[in-house]
Each structure stands twice: as C-alpha cells, then as structure tokens.
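Dear colleague,

I am passing on the structure we spoke about, with the sequence alongside. Please open both before reading further, as my notes follow directly below.

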Amino acid sequence: MRPSLEVKIKSIPRDPRNTLIIACPEPSLASVVAIEYIIDALKMEEIGAIRFRNVTPVITAIDGVAKLPYRLFYKKEYALITIRQHIPIPMELYTDFINKILDWAEENGINRIICLTAIPAVGEKEIDNVYFVTEESYVEEFKVLGFLPVKDAIIAGAEAIFLDAVISRNIIGALIMAESKVLTAIRRLIEGGKVATHKDLMYILNQTVGQLGPDVIAALKLVKAVSKIINVEIPTDNLAEHANKYSFLIEKNLEASKTS
C-alpha cells in the first residue's frame, strides 16, 4: 500500500506578516537544530501534527514524553509558524509533503515560506554570510535583509523540490543557506579523492557529526537569519546547549542520508 500523509493543523489568524519556516534535511543538522531552538526560545504553541500512513511509525521521546516527529508550532505575536522535523521526511513523500503544507499555507494567508539549509563554503573558507535563492521578483527583498544571492549553482534534492513547488504559488518562497564547516570538510575530502565510496562518506559523517554533534555555528547563522526575516531578536546564548540536547537526532538523520 502506498504511503500517504495525514495532516491535522489548526487554522491560524490571517496576518500579512505570517511566515512559515521549515528545514531541508542535510547531514550537519544545522537547519533542524535552528528550528528546534527557535521553537523553544520563542515559546511557540503546538498547533498540529503530520502523520505518515502505511510506513513504519517512529516516535521520539524527550524527558519521558512521546512526541510525533513532525509537528507544527505557532507564535501569534510574531506571526511565525515552524515545522519541527525530528526525522527527515522520506524523499518519496517529500513532494507530497511540501505541496500539502503549501496548500494549508495559502488557505491560512501565509505570505512567506522559508526553507533553511546548510551548504559547503562558497569560497576558500567559511564566512558569516548567509545566501539565498528565490524568484526574480523577490531578490531585492532578501538583499535588503543582508543576504547574498547564490551566483551559480545546481540545486537538487529536497531543496529543489521545495523551490519547484513554491515558485508556482502566490507565495514568497526562499531557500536560505548557511555555510557549514562539516559540509566544507566533507566536500574537500571528496574533491581530494579521500572518499572513495558511500560507505567511506557515512563513516566520516559518523566520526564528525555523530561524535561532535550538530554544526552549531551554521545553526547560529540560520537563527540570526530568521531574526532578520521576522524582525524579532532571538537570543542565542543557549544554542550550543540546545544542540547537545537534540544530538540524539543524529543517528536517524545519518540513516536517512544512506538512502538519499
């Protein structure tokens, strides 16, 4: 039987400021940790959940409490909606997932949808700049916020699915990208011929992200980017501690990387 999605979400007030922030799955976990941190830092309210039918269920447990891995949160004061993704969305369901979320977003007057992700360094070394890709008519809007447009790149995977779905809608959509030391190091190993097989790559990921934890520096850049987008100061003092709290997510995310 084909896997399917069941989405149960409360309606939210229509507000021209309404912004939805999601994470694109990537091995450094920077985007996942950034959203987890924002939810906790802003004390966001849970408003719904997403269940996958006809797939083996996975439940996360935090302090003894069973949690569905895909849940939506809302902060009325800041007109902010986020999706908590403890486990990557299966790629065979990602297009369906994005389109159902976009349907709900349009029905509830959400004007902006931002997908956070991490990338290897654009230049010789990592810098604090944050990059973006969006439709031509919205480029200046993101430049004004201090982000840099990606000059030349081929975008694939979950990020491409997101962009392909959002540009056909009457919604401002953007991919926001922070440079990751973890992903930069892995790219250099691949380019240097030191990673010969997918098994080698998984070993490196387990030795870096698996032992050292998520890329907190890249997550910090993404949290600051969201602060600019919603024009709200989000304190980042406890980000490193928070990343350690959710380090248990690494194993599931690395497992997902094997099939992506």
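In which strand is Glu46 found? Before I answer, please keep in mind that this is a predicted model, and that what follows was computed from its atoms.

Glu46 lies in strand S3, which covers residues 45-53. If its neighbours within four places in sequence are set aside, Glu46 is in contact with Lys10, Arg71, Leu72 and Phe73. Thr82 is 36 residues away from Glu46 along the chain, and the C-alpha atoms of the two are separated by 9.4 Å.

As for the chain as a whole, it has nine helices and eleven strands, and buried residues make up 51% of its 260 residues. Among contacts between residues at least 6 apart in sequence, 80% join residues that are at least 24 apart. The accessible surface of the chain comes to about 12,800 Å², and 52% of that surface belongs to carbon and sulfur atoms.

Two of the helices deserve a look on your screen. Helix H1, residues 30-41, has twelve residues and reaches 16 Å from its first C-alpha to its last, which is close to the 16 Å expected at 1.5 Å a residue. H1 is mostly covered, with ten of its twelve residues buried, and among them are Val32, Val33, Ile35, Tyr37 and Ile38, together with Glu36. Just after H1, Lys43 takes a positive phi of about 50 degrees.

Helix H4, residues 157-166, is largely enclosed by the rest of the structure, because seven of its ten residues are buried. These buried residues are Ala158, Glu159, Ile161, Phe162, Leu163, Ala165 and Val166, and they pack against helix H2 (91-107) as well as strands S2 (19-23), S8 (112-119), S9 (130-134) and S11 (172-179).

Finally, there is the second largest pocket, which has a volume of about 160 Å³. Helix H7, residues 216-230, gives the most to its lining, with six residues. The lining of this pocket includes Ile217, Leu220, Lys221, Lys224, Ala225 and Lys228, and also Asp128, Asn129 and Val130, as well as Gly146 and Phe147. Sorted by class, the lining has five nonpolar, two polar and four charged residues.

With best wishes

Methods: Residues are numbered from 1 along each chain as its sequence is written. This is a predicted model: local features need pLDDT of at least 70, side-chain atom pairs count only at pLDDT 80 or more; totals for chains, interfaces and linings use all residues. Side-chain values use heavy atoms; hydrogens and water are left out. Helices (H or I, at least four residues) and strands (E, at least two) are DSSP runs, numbered from the N terminus. The expected span of a helix is 1.5 Å times one less than its number of residues. Buried means under 20% relative accessible area, exposed over 50%, partly exposed in between (1.4 Å probe, protein chains only). Contact means heavy atoms within 4.5 Å. Accessible areas come from the Shrake-Rupley method with a 1.4 Å probe; for residues, only the protein chains shown count as cover. On a 1 Å grid over the protein atoms alone, a cavity is a set of points where a 1.4 Å probe fits but cannot get out, and a pocket is an open set with protein on both sides within 12 Å along at least five of seven lines; lining residues have an atom within 4 Å of a point. Grid points are joined across faces, edges and corners, and a volume is the space filled by probe spheres set on the points. Ala, Val, Leu, Ile, Met, Phe, Trp, Tyr, Cys and Pro count as nonpolar, Asp, Glu, Lys and Arg as charged, and the others, Gly among them, as polar.
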